[in-house]
Amino acid sequence: VPFGFEDVDRTQKAGLVRNVFDRSARRYDLMNDLMSLGVHRAWKDMVMTRANPQPGERLLDVAGGTGDLARSFLTKADRAGKRRADPRRAEAIVLDINEQMLRAGIKRGVEPSHTGRIEWVTGNAECLPLTDHSFDCVTISTGIRNVTDRAAALKDMRRVLKPGGRFLCLEFSRPTSRAWENLYDAWSFNVMPELGEHVAKDRASYQYLVESIRRFPDQESFATELRTAGFSQVSYTNFSGGIAALHTGWA
Ligand code: SAM
């Protein structure tokens, strides 16, 4: 179900609701900061550098939350357009199952040159309400871990890519050295739940976050899942010693 900027005005009238959105977006940023030791913004920037956005391209950012990747995609595409004097405008759809996240993203706003170029769509990654072969690039950043039927989601993300389109998936992964893993385990099992309780007043969510990361397949196993879904030239790059990994593939 797409909804546009018109809805923001209605939302802004309800001060109470707005506060809820603010809280959820802020809390979510805080969780990402804590779990990634503060470097998730740098990771996202590296994802977009690898995505190599071009003028006129269409991005689908699945589980896109408040739209960080979409904003970065448009900025980088515009820069590439300026360099080559290509006036075509890139566009993006941010899709998320949680309407509150999207509303928080809409409220956060976009820079003037991006106005009308980001569409916010509620939907499930497992069954995208979008036509086949309609995107040049599909991204999902720290979202695939939360999807129940991962195989269905991967297949559907491939379905909406144009032939030759690129897929990029950033997710928490497995530290590559034993020493780093021990340190990260100590951080996530001991420090994180405490921080969750005292900083965000939400121990349960932090515990869930830590456990969901541990349950997610390692780099090689996830690469195999991408190949099974039909992506070609699958590869991955570890970020921060494997705390996260960027998997890429082509439709
Ligand atoms: N991609 C954003 C980023 O990197 O800032 C948000 C990541 S946030 C940790 C995970 C997001 O996945 C949440 O906004 C959540 O609502 C969304 N999500 C979880 N399951 C989903 C599903 N089945 N389909 C679409 N979005 C989903």
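**View 1. The largest nonpolar core of the predicted model has 53 residues**. Such a core is a set of buried Ala, Val, Leu, Ile, Met, Phe, Trp, Tyr and Cys residues joined through C-beta atoms within 7 Å, where buried stands for 20 or more other C-beta atoms within 10 Å of a residue's own, with C-beta atoms placed from the backbone. Phe73, Val138 and Met157 have the most contacts inside this core, and its largest share, six residues, comes from strand S6 (residues 161-172), strands being DSSP runs (E) of at least two residues, numbered from the N terminus. Residues are numbered from 1 along each chain as its sequence is written. Because this is a predicted model, local features need pLDDT of at least 70 and side-chain atom pairs count only at pLDDT 80 or more, whereas totals for chains, interfaces and linings use all residues.

**View 2. Asp96 lies in strand S3 (residues 91-96)**. Asp96 counts as buried because 24 other C-beta atoms lie within 10 Å. Beyond its neighbours within four places in sequence, its contacts (C-beta atoms within 7 Å) are Ala63, Gly64, Gly65, Met101, Leu102 and Thr122.

**View 3. Ser141 belongs to strand S5 (residues 135-141)**. Ser141 is likewise buried, with 24 other C-beta atoms within 10 Å, and, not counting residues up to four places away in sequence, touches Lys44, Val47, Leu69 and Leu170. The UniProt record, an unreviewed entry, places the feature "binding site" at Thr66, Asp96, Asn124, Ala125 and Ser141; such annotations may be inferred rather than shown by experiment.

Methods: Buried ≥ 20, exposed ≤ 12 C-beta atoms within 10 Å, placed from the backbone. Helix = DSSP H or I, 4+ residues; strand = E, 2+ residues; numbered from the N terminus. Contact = placed C-beta atoms within 7 Å.
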